[in-house]
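User: I'm new to reading protein models. Can you walk me through one, feature by feature?

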Amino acid sequence: MPGATLEMEPVEPQSLKKLSFKSLKRALDLFSPLHGHLAPPDPKSKNIRMSHKVSLEYGGNKAMTSQPSLGVNAIASGHGAQPPVPPNTLALTGPEDSSDLQKGGAQNDLIVSPSIQPKASNDVGLPSKSSAVVSASGSSERNLSTSAIMERIPSKWPRPVWHPPWKTYRVISGHLGWVRSIAFDPSNTWFCTGSADRTIKIWDVGSGRLKLTLTGHIEQVRGLAVSSQHTYMFSAGDDKLVKCWDLEQNKAIRSYHGHLSGVYCLALHPTIDVLLTGGRDSVCRVWDIRSKAQIFALSGHDNTVCSVFTRPVDPQVVTGSHDSTIKFWDLRFGKTMLTLTHHKKSVRAMAPHPKENCFASASADNIKKFNLPKGEFLHNLLSQQKTIINAMAVNEEGVLATGGDNGSLWFWDWKSGHNFQQSQTIVQPGSLDSEAGIYATSYDVTGSRLVTCEADKTIKMWKEDENATPETHPVNFKPPKDIRRF
């Protein structure tokens, strides 16, 4: 006030909350003098918004979204009449808006095809509940409405083939220690098992009777293989020995010397007279069967080589190790072709598919499938056995069996990676529950029988349940969620 004397008014004590409210009110008075009215529309910015919206809705990339209801019927027909809008929605309406919309539509050639219907639920163009309202939930509502009208894409994950469940039909006891290895005769009449009692026993497949016991190792027998071209059987053990047995004379005729520690795995090349052994010295050694000479020492792993398989074509040798890697080897030069580092734990078991060019590898973290010959990672199997997997085998029907340290035997569909059966081995009477462990597993030549070698000193034989049907044992399959469904 002019002419008035300035007097210092006593300042009343005010709370911080009250002061901040006052500051807010002052800012509101300064920048928005008309509380009840929205700011006047800006035609230029609205044209930019409209063109962006048109490209989203009619560009073919996205389905129609229910953004602010701009009277799509009116735009399509060219009429500028706009219905009244509730005061709490931010809708760009009014006479100026309609002319701007028509301009925007003309510039962008906005065409509404008869097949595309606006999402607004009412015909007069009133903003529906899913319109963009000035509220905190506007964006979430918009997302919901978008996903509601988008077409649901079915999962591309392959559906599992139905397989009957497997059941134990025979338990063979005869070994005096853990049964560590198994191999089938190519004629499918007998199979041999190696044990921690230092013996190799040969059993009849049909009856399960013992045919022969071979002694000669001085430690547990960890690996076995039977030749399809000769009357030879090969064995490897913790005593660093690799032996060749002549099955016509039933005695060891050759020993292959060179490993510096225990030998954990053994494989025969399918086409040439070559034997491969892997052990605790971190080396996979390649032997000439006839001359007993070591051809190569495939070195490169940083830890025990605990699994190996061979193929007639490159990569002819694949090894898995406790250093959690898988290596492909070039057998001509004895060099590494490729190293797969997908696993986080020891790769204790691998199984090539008998028909397809791919293989599975198992470690305590996951069971993974890889392509051959390039080694591309395909996918993980869809469940986790959550145990150390010592053995795995797959038959021609695509049934993968994995045996764990805790006695769990899980059956999987190869194509989809679906786990269709989880069975638990039962220890023989007189054994501890902790002796439920599976060390080796193999299908017979036909793939109709499965044999498991276990820590309770028994050999168990499994077959499919003949009485099971898809109705009695339906496939309980859910596609993995990390595959996008829409």
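User: Leaving aside neighbours within four places in sequence, which residues is W414 in contact with?

Analyst: Note that this is a predicted model. Leaving aside those neighbours, W414 is in contact with A351, H353, E356, C358, F359, A360, K369, V394, G398 and L400.

User: Which residues of the largest nonpolar core touch the most other members?

Analyst: That core has 14 residues. A362, I367, M392, L400, W412 and W414 touch the most other members. Look at the strands too. β18 (349-352), β19 (358-362), β22 (389-394) and β24 (408-413) each supply at least two residues of this core.

User: Which residues does the second core include?

Analyst: The second core is separate and has 13 residues. Among them are C244, L268, L275 and I289.

User: C244 sits in a strand, I think. How do I read the two sides of a strand?

Analyst: Start with the general idea. In a regular strand, side chains alternate between the two faces of the sheet. Now take β8, residues 242-246. V242, C244 and D246 point one way, while K243 and W245 point the other way.

User: Are the residues of β8 buried or exposed?

Analyst: Buried: 5 of its 5 residues. That holds for the residues pointing either way.

User: Which strands are joined to β8 by bridges?

Analyst: Take β7 (residues 232-237) to begin with. It is joined to β8 by 5 bridges, and the two run antiparallel. F234 has C244 as its bridge partner. On to β9 (residues 251-256). Here too 5 bridges join the strand to β8, again antiparallel. W245 has A252 as its bridge partner.

User: What links these strands along the chain?

Analyst: Hairpins. β7 and β8 form one, with 4 residues between them. In that turn, K240 has a positive phi of about 70 degrees. The hairpin of β8 and β9 also has 4 residues between the strands. There N250 takes a positive phi near 55 degrees.

User: How many residues lie between β24 and β25 in their hairpin?

Analyst: There are 5. G417 in the turn has a positive phi of about 80 degrees. The strands run antiparallel, with 5 bridges joining β24 to β25 (residues 419-424). S408 is paired with Q424 in β25.

User: Why do Y232 and F234 count as buried?

Analyst: The cut-off is under 20% relative accessible area. Y232 counts as buried because its relative accessibility is 10%. F234 counts as buried because its value is 0%.

User: Which residues form an aromatic cluster?

Analyst: W166, F411, F420, Y443 and W462 form one. R180 lies over the face of Y439, at 4.2 Å from the ring centre. R222 lies over the face of Y264, at 3.9 Å from the ring centre.

User: What about disulfides?

Analyst: A disulfide is a covalent bond between the sulfur atoms of two cysteines. The search of the whole structure finds 0 disulfides. Check C265: the nearest cysteine sulfur, that of C284, is 6.5 Å away.

User: How far apart are I326 and V347 in sequence and in space?

Analyst: They are 21 residues apart in sequence and 7.4 Å apart in space, C-alpha to C-alpha. I326 is found in strand β16 (residues 326-330). At 1% relative accessibility, I326 counts as buried. Not counting residues up to four places away, its contacts include V318, L338, V347, M350 and F370.

User: And the whole chain?

Analyst: The chain has 5 helices and 28 strands. Of its 486 residues, 46% are buried. Among contacts with a separation of 6 or more, 49% join residues 24 or more positions apart.

How values were computed
Residues numbered from 1 in each chain as written. Heavy atoms only, no water. Buried < 20%, exposed > 50% of the residue type's maximum accessible area, 1.4 Å probe, protein only. Pairing = 2+ DSSP bridges. Phe/Tyr/Trp six-rings, centres within 6.5 Å; stacked < 30°, edge-to-face > 60°. Lys NZ or Arg CZ within 6 Å of the ring centre and 35° of its normal. Disulfide = S-S within 2.5 Å. Core = buried A, V, L, I, M, F, W, Y, C linked by side-chain atoms within 4.5 Å. Contact = heavy atoms within 4.5 Å.
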